[in-house]
2 protein chains.
Amino acid sequence: MNVLLTGAYGRCGTAIIDQLHDEPDYEFTYLDREEPDESSTYGDHDTVVADVADGLAVREAAADQDAMIHLAGYPFTDGTWDDVHQPNIIGVLNALEAAREAELETVVFASSNHVMGMYEAENAPDLYYGSEAPFQLSHEDPVRPDSYYGVSKSFGEDLCRYYVENYEYPKRAHAIRICSVRMPEYDHPYGDAEHGVDDGEYERGSDEYEQQVARMKGMWQSRRDFGHMIDCCLQTDEAGFEIFSGVSDNDRRWYSIENARETIGYEPQDNGEEWDAPPE
Amino acid sequence: MNVLLTGAYGRCGTAIIDQLHDEPDYEFTYLDREEPDESSTYGDHDTVVADVADGLAVREAAADQDAMIHLAGYPFTDGTWDDVHQPNIIGVLNALEAAREAELETVVFASSNHVMGMYEAENAPDLYYGSEAPFQLSHEDPVRPDSYYGVSKSFGEDLCRYYVENYEYPKRAHAIRICSVRMPEYDHPYGDAEHGVDDGEYERGSDEYEQQVARMKGMWQSRRDFGHMIDCCLQTDEAGFEIFSGVSDNDRRWYSIENARETIGYEPQDNGEEWDAPPE
């Protein structure tokens, strides 16, 4: 299976490379705005250097592919409309147009928990504590975006559904509402420097620090669980549009993993609750 | 109450003017891309001539208003992305930005049944017949757009919700999934020339004609019911985001009017079933 991966060298893209690059089932083409850092693990990968806002470049990269994993986009919730308009709105349109034209079977779209972020905002911080969350958000709940970024991802979900239900290709599209995938060196609920859990912004042991850790015990998706979820999306024969929560089997998660379990056989191995402390 | 009405001279805008222009509660400002036809009923109305894709023009028109009814946009399901991008995507963004900046209390957004159009497409034509539809689509059902137009309206709904839940203004936004409002001369389920029910495209009495009429008996919203729904939206004190189905109390409707009944006191007076034949 030939698979185009856009946004290949970010946190989520590298999790896919780490888990699936050597799988004999897949032949990946990596697309990113820049070549990978030569000194990194990914330094020797051939890369299509392109911006997903460039429709022609995406169409060229999609030719002869069987599937596309579309991760590229502006990733922050503090973005303005101008930040998300080209990379996210036009980017996902270009991805789906390319998939339709090149007759790709499968599109996997990196959506985000921020499509549903107001459910969290309304219930935080109580939501983060206790052994089980008071609700489980699923693909059937109305969207409540918390940012232009979240709105742009909701738009991408709607567009995926429209393409699957109205055109011959793609046959299936899966929108993953990614909760929190971390870099390899911080692949646990204690986070990474970029995300403010363990970067010195919060004093270790402070209330703010504990709150961030508690949140992450609900939101974390380990890199192997994320890679496994992508693998499940690529392997299924079912046609149609689906929304999955990208999260590990965390006791205190408030995003439901039932649809992913039932539809694509997602079997996460990790649970944020198993981490009492960051590794030494 | 000062009310800005965008897209004032279309089918829906004129229904509002007909019902509410003379109400002492309201002082309307009409915005459209063109002056009204001088020979029309609306020929003597002052008009702000502007395109809603022009953010500055919308902001200027919104100053000193209390509410905005945002109807302007590209209205056809056969539109391409380029057709809907500026008028609908950028248009609703401009409307909400203007509402936030000018501190408008209320936004009413003309969404569309085409946000949910695939439920109909999947169940037509059986859905049109019988005394009661097999399902009632509500604000709680996942969106299934049938066109770029439908996707653009779903985007508008999401953006309305985001603004209401994240900014001080607007205090409330109501997205109305308009089913079928007709011109005054065809204000019944037998339709108008533009929409192919009674324009000679289908021979009267043919299967196609009967099917179109059956559909319209479910989808019609009379001009007085639409005007009344807008009035309810403007009069409510409740804050928040809501989605309503814009449809009369048709026996065979498949869009639920419960949320509008309960939230804003919508009491439609018309029912497509009362029409056995077009008026003489």
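What is the accessible surface of chain A, and what share of it belongs to carbon and sulfur atoms? In this predicted model, the accessible surface of chain A comes to about 11,600 Å², and carbon and sulfur atoms account for 39% of that area.

The overall dimensions of chain A were examined next. Eight helices and seven strands are assigned in chain A. Its radius of gyration is 18 Å, close to the 19 Å given by the globule rule for 280 residues, so chain A is as compact as a globular protein of that length. Along the principal axes, the C-alpha atoms of chain A fill a box of roughly 50 × 45 × 40 Å. Of the 280 residues in chain A, 58% are buried. When contacts between residues at least 6 apart in sequence are considered, 72% of those in chain A join residues at least 24 apart. The charged side chains of chain A comprise 19 positive and 61 negative ones. The centres of these two sets lie 4 Å apart.

The arrangement of the two chains was then considered. Two copies of a chain are related by a rotation about an axis and a shift along it. Here, chain A is superposed on chain B by a rotation of 180° with 0.0 Å of shift along the axis, and the RMSD is 0.0 Å. This is the relation of a two-fold axis. Within chain A, the C-alpha nearest the axis belongs to A:Phe155, at 2.9 Å from it. Both copies use the same surface, since 100% of the contact residues of chain A recur in chain B.

Most residues other than glycine have a negative phi, and most peptide bonds are trans. A cis peptide bond, with omega of about 0°, joins A:Ala124 and A:Pro125. A:Pro125 is placed in the loop that runs between helix 4 (117-123) and helix 5 (148-166) of chain A. In chain B, the peptide bond from B:Tyr169 to B:Pro170 is likewise cis, and its omega is near 0°. The loop between helix 5 (148-166) and strand 6 (172-178) of chain B contains B:Pro170.

A positive phi of about 70° is found at A:Asp64, although this residue is not a glycine. A:Asp64 occupies the loop between helix 2 (55-62) and strand 4 (67-70) of chain A. With a relative accessible area of 68%, A:Asp64 is exposed. In chain B, phi of B:Asp64 is near 70°, again a positive value in a residue other than glycine. B:Asp64 belongs to the loop between helix 2 (55-62) and strand 4 (67-70) of chain B, and B:Asp64 is exposed, its relative accessible area being 68%.

B:Val3 forms part of strand 1 (residues 2-6) of chain B. Its relative accessibility is 0%, so B:Val3 counts as buried. Residues up to four places away in sequence aside, B:Val3 touches B:Tyr26, B:Glu27, B:Phe28, B:Thr29, B:Gln65, B:Ala67, B:Ile69 and B:Leu234. The C-alpha atoms of B:Val3 and B:Thr106 are 9.2 Å apart in space, while the two residues are 103 apart in sequence.

B:Ile16 is part of helix 1 (residues 11-20) of chain B. B:Ile16 is buried, with a relative accessible area of 0%. Beyond its neighbours within four places in sequence, B:Ile16 is in contact with B:Leu5, B:His21, B:Phe28, B:Ile69, B:Leu71, B:Phe226 and B:Ile230. A separation of 19 Å lies between the C-alpha atoms of B:Ile16 and B:Glu38, which are 22 residues apart along the chain.

In chain A, A:Asp83 is located in helix 3 (residues 81-101). A:Asp83 has a relative accessibility of 29% and counts as partly exposed; this class covers values between the limit of 20% for buried residues and that of 50% for exposed ones. A:Asp83 and A:His45 are 38 residues apart in sequence, and their C-alpha atoms are 28 Å apart in space.

Key. Residues numbered from 1 in each chain as written. Chains lettered and ligands numbered in written order. Predicted model: local features only at pLDDT ≥ 70, side-chain atom pairs only at ≥ 80, totals over all residues. Heavy atoms only, no water. Least-squares fit on C-alpha atoms with pLDDT ≥ 70 in both. Contact = heavy atoms within 4.5 Å. Helix = DSSP H or I, 4+ residues; strand = E, 2+ residues; numbered from the N terminus. Rg over C-alpha atoms; globule rule 2.2 N^0.38 Å. Buried < 20%, exposed > 50% of the residue type's maximum accessible area, 1.4 Å probe, protein only. Areas by Shrake-Rupley, 256 points an atom, 1.4 Å probe, with all protein chains shown as cover. Lys, Arg positive; Asp, Glu negative; His and termini not counted. Charge placed at Lys NZ, Arg CZ, Asp CG, Glu CD.
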